[in-house]
Amino acid sequence: MANLHGRELEEEFLSYARELAGDVESREAGDRYLLTTHALYHGGPVSWAMTPKIFDASQIGILRDAAETMGRIMDKITAEYLRNPEFRALFRLSPELEELTVIPTGYEQMIPIARVDVFFNEETGDYQFCELNTDGSAGMTSTVEVTRAIQTTHAYRRFAERHPSITTYDVVGKAIEAIRETYASWANAGRFDSNVEHPSLCIVDYSESASTDELEDFLWRLSDKGIYAQFCDIRDLRVERVAGTDLLMAPGGPVSCVYRRAVTSEIAEKPCPGADALAEASRRGLACVIGGYRTWPCATKTVFAIMRSDAVDGILTPEERAFIEAHVPETVLLDADSDLSPYAEKDRWIVKPSGGYNAVGVVAGLDCKTQEEWDSALAACAKGGGVVQAYAPQYRTPTLRGGVLKPGEDPLDAPEMSNMEGLFLFNGKFGGVFTRCGTGNVIGEWTHRLNMGCLVVE
């Protein structure tokens with residue numbers, strides 16, 4: 001194993017902040033900067049950490065290999081899902097949802113955009129996967145802008161003087177490249193007579209669930225590249241006949257390319273004519289739908305249980321099976337008749353709904369104050385057909401909070417927080433890291449999460 005220096009570099013950055021008495025002025029300026037960007041949450045700057053996540057080249061090599069290996073495994077599982085009805089049945093999707101997931105996309109890429117989340121030990125290089133995200137993979141804008149906010153601080157300037165070879169990731173730009181590449185492969189296949197360089201693009205989601213500020217960032221960046229783009233609530237889509245041709249229509253006009261941010265399970269939960277129109281457009285080749293619906297099986301919590309089962313014999317190589325054994329926690333699919341006694345030791349387990357997202361419904365046994373509370377969460381998960389998973393230890397690092405300090409808050413207070421890295425994949429290639437941390441045993445939007453910047457020191 002190569003020497004890994006990222007943790008030492010983070011400690012060095014913290015030492016500069018401490019020398020500056022917490023660099024309070026820069027933290028306040030960082031908030032003012034974020035207010036000028038699309039990295040907002042409920043009208044204010046996102047919660048952020050002034051301490052960045054810093055990786056050296058060896059660590060990035062480990063993370064790149066982790067992401068791209070998992071990406072190849074996801075592609076193989078998706079292909080088998082589409083080919084084999086018996087394999088498909090293992091995911092236990094409703095007939096309506098399964099019907100959506102097998103709609104052809106018209107291009108070869110299985111999963112154009114994904115984010116695979118890991119708990120990464122910065123000292124040993126070991127990691128465990130937490131979950132896989134495909135539909136609506138978020139965190140791109142906050143990663144870019146929080147990194148930029150950190151780069152305006154006095155602590156960063158001192159750090160950069162000693163480390164001139166620092167690079168960052170423009171994950172929003174990489175995502176737009178993946179969208180354009182996927183659309184071009186669809187259009188060039190003769191599915192639709194459309195302008196490959198300048199598609200009429202629509203980002204689609206449910207308004208109440210959309211990361212509005214991030215989507216506005218995408219729209220601005222797309223327009224800067226000469227691509228007409230609009231956001232549309234999925235409910236407002238329709239198929240309309242224009243001059244003898246059926247077109248997918250949004251309120252802002254016809255659409256030839258859809259970047260679907262609406263999560264597939266939410267589409268199933270909230271049926272509407274607009275969602276039906278999008279499915280029809282995808283099925284008939286009226287528009288290129290980035291990701292289609294076939295991305296959903298690999299985003300379910302069920303997929304880890306299937307990866308670790310004999311069902312993948314003959315689909316994955318022995319090396320890929322060994323990779324899963326080493327880096328995917330034990331995961332078991334439950335039902336109402338499951339024997340729950342093997343999971344009674346609450347601190348060893350976590351339960352997740354099979355189709356959940358944004359950490360909603362996820363309960364770590366460590367967060368349950370009593371055994372009865374854990375038993376209840378476990379039973380509810382089994383009744384709902386969720387999964388129980390071995391709790392993966394989380395790597396913790398001291399973290400200075402960014403932004404305006406609260407009255408009486410110690411500017412040097414840097415509590416240890418659990419870290420999670422989201423590794424972006426764009427058409428199967430590693431494209432950057434979404435880093436965040438939190439004080440709880442589950443890192444989600446509602447668990448006092450801080451978004452972190454990401455620096456790579458060569």
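At 8% relative accessibility, L97 counts as buried, where buried means under 20% relative accessible area, exposed means over 50%, and partly exposed lies in between (1.4 Å probe, protein chains only). The model is predicted, so that local features need pLDDT of at least 70 and side-chain atom pairs count only at pLDDT 80 or more, whereas totals for chains, interfaces and linings use all residues. Residues are numbered from 1 along each chain as its sequence is written, and side-chain values use heavy atoms, with hydrogens and water left out.

L97 belongs to helix α5, which covers residues 95-101. Helices (H or I, at least four residues) and strands (E, at least two) are DSSP runs, numbered from the N terminus. Apart from neighbours within four places in sequence, L97 is in contact with T264, A268 and W296, contact being defined as heavy atoms within 4.5 Å. The C-alpha atoms of L97 and S265 are separated by 7.7 Å, although these residues stand 168 residues apart along the chain.

Strand pairing was examined next. In general, strands of a sheet pair through backbone hydrogen bonds, either parallel or antiparallel. Here two strands are taken to pair if DSSP finds at least two bridges between them. An open sheet is formed by 4 strands in the order β8-β7-β12-β13, and the pairing is parallel. Its edge strands, β8 (229-233) and β13 (288-290), each pair on one side only. Neighbouring strands of this sheet are turned by 25 degrees against each other on average, direction ignored; the axes are lines fitted to C-alpha atoms, for helices over the stretch in contact, and angles run from 0 to 180 degrees between N-to-C directions. Within the sheet, strand β7 (residues 201-205) runs parallel to β8 and is joined to it by 5 bridges. I203 has F231 in β8 as its bridge partner.

Antiparallel pairing is found around strand β17 (residues 387-390), which is joined to strand β14 (residues 331-333) by 3 bridges. Strand β15 (residues 349-352) also pairs with β17 in the antiparallel sense, over 4 bridges. V388 of β17 stands opposite V332, and V351 likewise stands opposite V388.

The nonpolar interior was then considered. In soluble globular proteins, nonpolar side chains tend to be buried together. A nonpolar core is defined as a set of buried Ala, Val, Leu, Ile, Met, Phe, Trp, Tyr and Cys residues joined through side-chain atoms within 4.5 Å. The largest core holds 69 residues, of which M70, F129 and I234 touch the most other members. Helix α3 (residues 57-83) supplies the largest share of this core, with 10 residues. A second, separate core of 28 residues includes Y107, I176, F218 and C257. Leaving aside neighbours within four places in sequence, the contacts of I234 include V204, D205, Y206, A262 and C272.

Charged side chains were searched for salt bridges, each defined as a side-chain nitrogen of Lys or Arg within 4 Å of a carboxyl oxygen of Asp or Glu. The whole structure contains 28 salt bridges. One of them joins R92 and D335 at 4.0 Å, N to O. This pair links distant parts of the chain, 243 residues apart: R92 lies in the loop between α4 (85-89) and α5, and D335 in the loop between β14 and β15. R92 is partly exposed at 43% relative accessibility, and D335 is partly exposed at 32%. Another salt bridge connects R115 and D117 at 2.9 Å, N to O; both R115 and D117 are buried.

A further salt bridge, between K270 and E208, spans 2.8 Å, N to O. K270 lies in the loop between α10 (264-269) and α11 (273-284) and E208 in the loop between β7 and α9 (212-224), so this pair ties together parts that are 62 residues apart in sequence. K270 has a relative accessible area of 27% and is partly exposed; E208, at 48%, is also partly exposed. Salt bridges link E208, D233, R235, E266 and K270 in a network.

Finally, the cysteines were examined for disulfides, a disulfide being a pair of cysteine sulfur atoms within 2.5 Å. The search of the whole structure finds 0 disulfides. For C272, the nearest cysteine sulfur is that of C232, 9.8 Å away, and C272 counts as buried at 11% relative accessibility. For C368, the nearest cysteine sulfur is that of C381, 12 Å away. C368 is buried, with a relative accessible area of 3%.
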